[in-house]
Amino acid sequence: SSAAQMCKETELIHNYHHEDVLLYDVVNDPNETKNLSLSMPEKARSLDKQLMAYLKETGAYIPQPIAK
């Protein structure tokens with residue numbers, strides 16, 4: 001399961017089962033082929049924090065990571 005947030009030209013995807021975050025520039029990379037989360041970690045963290053706060057505020061179901 002995952003959750004996504006659009007913010008201007010970027011899209012953040014939080015993958016719950018693998019506990020990873022993907023960040024894409026949807027204007028310049030509409031096929032979402034280049035994950036920018038490693039080259040833009042501050043932006044990825046900030047958007048992920050906003051997404052998690054919104055999900056908690058709205059009472060959304062937040063899946064737990066799959067145990068390894």
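Author: Two strands pair if DSSP finds at least two bridges between them, and strands (E, at least two residues) and helices (H or I, at least four) are DSSP runs numbered from the N terminus. By that rule three strands form an open antiparallel sheet in the order S1-S2-S3. The edge strands are S1 and S3, since each pairs on one side only. The twist averages 15° from one strand to the next, where axes are lines fitted to C-alpha atoms, for helices over the stretch in contact, and angles run from 0 to 180 degrees between N-to-C directions.

Reader: Where do these coordinates come from, and how are residues numbered?

Author: This is a predicted model, in which local features need pLDDT of at least 70 and side-chain atom pairs count only at pLDDT 80 or more, while totals for chains, interfaces and linings use all residues. Residues are numbered from 1 along each chain as its sequence is written, and side-chain values use heavy atoms, with hydrogens and water left out.

Reader: How do you know that S1 and S2 pair?

Author: The rule asks for at least two bridges, and S1 (residues 2-7) and S2 (residues 10-15) have six, in the antiparallel sense.

Reader: What makes S2 and S3 a pair?

Author: Six bridges join S2 to S3 (residues 20-25), again antiparallel. Isoleucine 13 has leucine 22 as its bridge partner in S3, and leucine 12 has leucine 23. Four residues lie between the strands of this hairpin, where glutamate 19 has a positive phi near 50°.

Reader: Why is S2 called mostly covered?

Author: Buried means under 20% relative accessible area, exposed over 50%, and partly exposed in between (1.4 Å probe, protein chains only). Five of the six residues of S2 are buried.

Reader: How do you know that H1 has the span expected of a helix?

Author: The expected span is 1.5 Å times one less than the number of residues. H1 has 17 residues and reaches 24 Å from its first C-alpha to its last, close to the 24 Å expected.

Reader: Why are the buried residues of H1 said to line one face?

Author: The buried residues are Ala44, Leu47, Asp48, Leu51, Met52 and Leu55. Seen down the axis of H1, they fall within an arc of 140°, so they line one face of the helix; the arc is that of the directions from the helix axis to the C-beta atoms. On the other side, exposed residues include Glu42, Arg45 and Lys49.

Reader: What covers the buried residues of H1?

Author: The cover includes S1, S2 and S3. Contact means heavy atoms within 4.5 Å, and leaving aside neighbours within four places in sequence, methionine 52 is in contact with His14 and Tyr16.

Reader: What makes the largest nonpolar core a core?

Author: A nonpolar core is a set of buried Ala, Val, Leu, Ile, Met, Phe, Trp, Tyr and Cys residues joined through side-chain atoms within 4.5 Å. Ten residues make up the largest one, among them Ala3, Leu12, Tyr16, Leu23 and Leu36. Helix H1 (residues 41-57) gives the most to this core, with five residues.
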